[in-house]
Amino acid sequence: MKENITKQLDNTLEKLNLNISDDFYSGKVRENYYKGDQIVMVTSDRVSAFDHILGTIPFKGQILNEIACFWFEKTKDIIPNHFISSPDEQVLVTKKAKTLPVEVIVRQYITGSLWREYKEGINGQYGFMLPDNLVENQKFDKPLLTPSTKAEYGLHDEPISREKIVDSLVDEDVYSKAEEYALKLFDIGQQWANKMGLILVDTKYEFGIYEGELIVIDEIHTPDSSRYWVANEYENRFKNNQPQKMLDKENIRSWLIERGFKGEGTPPKLSDDIRVLLAEKYIELYKTLLGKEFVPSVGDVSSRIKSNLTKNGIID
């Protein structure tokens with residue numbers, strides 16, 4: 001697999017312009033083309049961290065897209081979502097929903113950005129206080145909801161309290177249902193992850209309104225939106241104050257922090273070594289989480305996508 005990853009370093013999808021519609025949006029990872037009441041979502045191989053686009057990772061778009069499809073299919077009869085079809089390994093056709101202006105983040109452990117804030121003495125930003133004397137990677141008694149605003153590219157998502165959300169951003173009945181859906185999805189994700197030898201540590205969900213109904217949009221439980229640890233190593237590493245074995249995007253955040261970058265200024269250029277390492281971590285997660293081998297689509301990603309979209313009548 002490493003040979004395939006290395007060969008793909010120069011074939012990753014960074015940008016793709018499609019003749020679908022004049023109405024489109026380029027995000028940190030996805031290119032969204034709006035067509036009537038649908039969105040054609042192209043998942044690029046771009047990787048971002050600390051709200052900066054850093055470069056590309058081989059096969060990242062395929063892995064994210066296929067994991068998202070897995071979860072949309074698995075949970076569709078429990079929580080409604082926007083998924084319609086996947087005409088290519090890196091493309092979703094979805095319902096066009098009106099996006100809620102907040103992300104609902106569910107956490108079972110104090111780690112990542114929450115730990116970094118807590119260690120610096122920042123507390124109460126979500127409308128409640130965390131207990132004193134918590135230890136990095138410690139498990140909470142129950143999952144916590146720590147929502148954030150949705151920022152444009154180059155700006156930081158900001159912590160926000162439930163009170164402020166329902167006061168000015170989202171109707172309380174809608175946000176309450178989003179909280180309910182988030183906790184239910186997180187429980188389903190945790191149960192499946194545990195079965196597959198993983199811990200679903202935390203994750204973010206995005207929601208929208210489609211034909212008057214609240215639905216899940218964007219992605220579910222991918223290594224970009226979620227943090228996964230290897231389950232059988234957690235206790236020993238926690239007791240010995242060692243970093244957890246991570247199979248997600250936190251690996252690149254750690255790489256950046258080691259080089260003195262935490263979001264301000266210009267990020268360091270990604271080396272081929274870290275690009276290969278992150279691809280390997282994503283592939284390991286794919287295989288472990290889905291319980292099957294990853295079959296990479298090697299070669300020119302752009303040409304493949306255009307060919308598949310033409311076959312499916314999405315582009316001429």
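Histidine 221 is buried, its relative accessible area being 0% (buried means under 20% relative accessible area, exposed over 50% and partly exposed in between, with a 1.4 Å probe and protein chains only). This residue sits in the loop between β13 (213-217) and β14 (226-230), and, although not a glycine, histidine 221 has a positive phi of about 55°. Helices (H or I, at least four residues) and strands (E, at least two) are DSSP runs, numbered from the N terminus. The model is predicted, so that local features need pLDDT of at least 70 and side-chain atom pairs count only at pLDDT 80 or more, while totals for chains, interfaces and linings use all residues. Residues are numbered from 1 along each chain as its sequence is written, and side-chain values use heavy atoms, with hydrogens and water left out.

A positive phi of about 55° is also found at asparagine 241, which is not a glycine. Asparagine 241 belongs to the loop between α6 (234-239) and α7 (250-258) and, with 63% relative accessibility, counts as exposed.

Helix α2 (residues 60-75) and helix α5 (residues 172-195) have axes that come within 12 Å and cross at roughly 115°, where axes are lines fitted to C-alpha atoms, for helices over the stretch in contact, and angles run from 0 to 180 degrees between N-to-C directions. The two helices, α2 and α5, are therefore roughly perpendicular to each other, a term covering angles of 65 to 115 degrees. In their contact (heavy atoms within 4.5 Å), Phe70, Trp71, Lys74 and Thr75 of α2 meet Leu185, Ile188, Gly189 and Trp192 of α5.

Key
Parallel < 35°, antiparallel > 145°, perpendicular 65-115°, else oblique.
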